[in-house]
Amino acid sequence: MGYIDEHGIRAVCFDIDGTLYPPRITNRNLVKSSLFHLPFALKYMKMRKIVRREDGYEALPVSSHEDFLRRSWRIMYPDGRRSFEWFCAKLDRVFTSRWEKDFSDLVGFEGMPETLRALKSKVRIGVMSDFPIGVKLKAMGIEDIPDFVCSTENYGHLKPSKTCFDMLSEGIGVPSENILYVGDSESKDVLGARNAGMHALLIAEGKRKIGSKADLVVGNYMEMAKALL
């Protein structure tokens, strides 16, 4: 009997970047996007760190994607020297539209699609990312698998805020205590999920994370399938 049956898991939910596919691909595409827009890109990454620090692990009021964009703009340009409209257009040009092309040939981890399909025969499947999801699921050939897909930006926050995980639970229609959340980040995924009352699995490609607070730690999707099923 695997972890799912032993612990009454009714949904397994996944982070995307670094979890469904290798983190080096995200890093590569961030560098490509930033190459000719370095000042903006550096401000953007610093802004996201500030949002995570300000929100922490708290349960905060749900807002909207536009609210998140306006918050991002105010953090990046507190003096107002750039308009909100300029910021949105720049963000789309540097990252959002660019990623539609850069991620169009995305290949997931070995064994990932097969593991998700095997899990779907037993539980509901969710996907949650801190970034706009765009073409990623389609490129990996798994767009038909998830029962629920969301970006945390649409709730006005970023992981590890409890708000993001609470909205995931609501969206997939399963109580937090019956959800296993899978991610590659100890602070954002494991501790965020545990703080929200979920089970947590850390996937650590090619290494083990000693001292992780995750309920399970695996090195690849073959190990994951064996442990869960």
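**Aromatic pairs**

I counted the ring pairs and got twelve aromatic pairs. My rule: rings of Phe, Tyr and Trp (its six-membered ring) pair if their centres lie within 6.5 Å; planes under 30 degrees apart are stacked, over 60 edge-to-face, and the rest tilted.

I took Trp99 and Phe131 to begin. Their ring centres are 5.5 Å apart and the planes stand at 90°, so this pair is edge-to-face. Trp99 belongs to helix α5 (residues 84-102), while Phe131 is in the loop between β2 (124-129) and α7 (136-139), so the pair ties together parts 32 residues apart in sequence. Helices (H or I, at least four residues) and strands (E, at least two) are DSSP runs, numbered from the N terminus.

Are these two buried or exposed? Trp99 counts as buried at 8% relative accessibility, and Phe131 counts as buried at 12%. Buried means under 20% relative accessible area, exposed over 50%, partly exposed in between (1.4 Å probe, protein chains only).

Next I checked Phe165 and Tyr181. Their centres lie 5.2 Å apart with planes at 80°, so I noted edge-to-face. Phe165 is in helix α8 (residues 162-172) and Tyr181 in strand β4 (residues 179-183), so the pair ties together parts 16 residues apart in sequence. Phe165 and Tyr181 are both buried.

I also found one aromatic cluster; among its members are Tyr21, Phe40, Trp86, Trp99 and Phe131.

The model is predicted: local features need pLDDT of at least 70, side-chain atom pairs count only at pLDDT 80 or more, and totals for chains, interfaces and linings use all residues. Residues are numbered from 1 along each chain as its sequence is written, and side-chain values use heavy atoms, leaving out hydrogens and water.

**Charges over rings**

I looked for NZ of Lys or CZ of Arg within 6 Å of a ring centre and within 35 degrees of the ring normal. The charged end of Lys136 sits over the Trp99 ring, 5.9 Å from its centre. Arg70 has its charged end over the ring of Phe84, 3.9 Å from the centre.

**Strands and a cis bond**

Which strands pair with β2? Strands pair if DSSP finds at least two bridges between them. β1 (residues 11-14) runs parallel to β2, joined by four bridges, and Val12 stands opposite Ile125 in β2. β2 and β3 are also parallel, over four bridges, with Ser129 opposite Ser151 in β3. In β2, five of its six residues are buried.

Last, I noted a cis peptide bond from Lys159 to Pro160, omega near 15°. Pro160 lies in the loop between β3 (148-151) and α8.
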